[in-house]
Amino acid sequence: MEPLLNDGDEILVDRRSLPFRDGIHVVRMGDTLMVKRVASAGGGRLSLLSQNLAYPPVSVAAEDVEIIGRVVWKGGRI
């Protein structure tokens with residue numbers, strides 16, 4: 001997620017069960033846990049987007065992704 005999040009940054013994740021809204025989320029796909037910008041793509045699909053343009057967007061069925069929580073704060077070295 002560079003340049004938004006860098007290796008070693010800390011994040012605060014809101015894990016409350018709230019209605020979904022687009023934003024930065026911690027998600028699980030299978031055995032993989034990741035932080036991605038998640039956007040509703042319609043038709044029961046989500047787009048997983050990286051801030052790093054080297055990684056293309058990924059379209060997935062909403063049921064194939066577990067949203068762990070929404071990132072609400074980040075801190076890191078200056």
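**Charged pairs and a buried glycine**

Let's begin with Arg28, which is partly exposed at a relative accessible area of 34%. Keep in mind that this is a predicted model. Which residue does the side chain of Arg28 meet in a salt bridge? That would be Glu66, with 3.3 Å from N to O. The pair ties together distant parts of the chain, as Arg28 belongs to strand S2 and Glu66 to strand S6, 38 residues apart. Glu66 has a relative accessibility of 42%, so it counts as partly exposed too.

How many salt bridges does the structure hold? There are three. Another one joins the side chains of Asp9 and Lys74, at 3.6 Å from N to O. Lys74, at 38%, is partly exposed.

Asp14 and Arg16 also form a salt bridge, and their closest N and O atoms are 2.7 Å apart. Arg16 counts as exposed, with 59% relative accessibility.

Now back to strand S2, which covers residues 23-29 and includes Gly23. Is Gly23 buried or exposed? Its relative accessible area is 8%, so Gly23 is buried. Setting aside neighbours within four places in sequence, Gly23 is in contact with Lys36, Arg37, Val38 and Arg70. For Arg37, 14 residues away along the chain, the C-alpha atom is separated from that of Gly23 by 5.3 Å.

How values were computed. Residues numbered from 1 in each chain as written. Predicted model: local features only at pLDDT ≥ 70, side-chain atom pairs only at ≥ 80, totals over all residues. Heavy atoms only, no water. Helix = DSSP H or I, 4+ residues; strand = E, 2+ residues; numbered from the N terminus. Buried < 20%, exposed > 50% of the residue type's maximum accessible area, 1.4 Å probe, protein only. Contact = heavy atoms within 4.5 Å. Salt bridge = Lys/Arg side-chain N within 4 Å of Asp/Glu carboxyl O.
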